[in-house]
Amino acid sequence: MKNSEFRTGGEIAAKSKGEQMFEKCEESLRYASDVSASELAAAQEYLKSYRYGCRMLACADYAHNYLVRDVDVFDEEQAKCDEALLRARMYGVRAFINNLKCDSNSKLLLYWHYIRGESVARCADIIGVSRAGAFRVRPRALEAAARALRKSNVPRGIEDILPK
């Protein structure tokens with residue numbers, strides 16, 4: 001039985017320290033002052049879109065290497081356009097993080113967590129703060145990202161791109 005599972009029969013329900021820190025972080029995100037939960041979620045999804053772009057580029061590379069013989073499945077010109085759009089979107093996410101109005105630890109944490117895909121605990125080691133400090137920085141960094149996303153005209157989904 002894992003630490004995170006609730007135990008029955010008089011056993012005490014235990015959670016790992018990582019889960020407890022995650023819950024505290026999520027709780028602090030819910031009670032952000034001027035940023036709504038939907039804005040925080042939108043900022044998080046926008047930042048996660050970088051990793052999606054990385055996976056899409058890896059899939060495109062696979063398709064180019066292994067499906068190029070099947071003309072019906074692989075269209076070289078369309079693939080080049082898709083790759084260019086993905087790279088532009090990924091660059092936009094990186095530039096967004098670099099231009100945030102927040103402290104350097106927040107920017108570094110967002111970079112290493114969302115761009116490089118490291119866990120928050122690993123990010124703490126990389127940027128030279130304690131794990132608890134990184135879990136305190138994360139909500140502030142996401143709030144700054146949500147505020148910046150609110151003020152920017154960055155398209156966040158297909159509904160933002162389509163004409164009204």
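**View 1. Order of the elements.** The model is predicted: local features need pLDDT of at least 70 and side-chain atom pairs pLDDT 80 or more, whereas totals for chains, interfaces and linings use all residues. Residues are numbered from 1 along each chain as its sequence is written, and side-chain values use heavy atoms, without hydrogens and water.

**View 2. Packing of helices α4 and α5.** The axes of α4 (residues 104-115) and α5 (residues 120-127) come within 9 Å and cross at roughly 130 degrees; axes are lines fitted to C-alpha atoms over the stretch in contact, with angles from 0 to 180 degrees between N-to-C directions. The two helices are therefore oblique to each other, a class left once angles under 35, over 145 and from 65 to 115 degrees are set aside. On the α4 side, N105, L108, L109, W112 and H113 make the contact (heavy atoms within 4.5 Å), and on the α5 side V120, C123, I126 and I127.

View 3. The structure holds 0 disulfides (cysteine sulfur pairs within 2.5 Å). C54 is partly exposed, at 25% relative accessible area, and C81 is also partly exposed, at 43%; buried means under 20%, exposed over 50% and partly exposed in between, with a 1.4 Å probe and protein chains only. Buried residues make up 29% of the 164 residues.

Note on methods. Helices (H or I, at least four residues) and strands (E, at least two) are DSSP runs, numbered from the N terminus.
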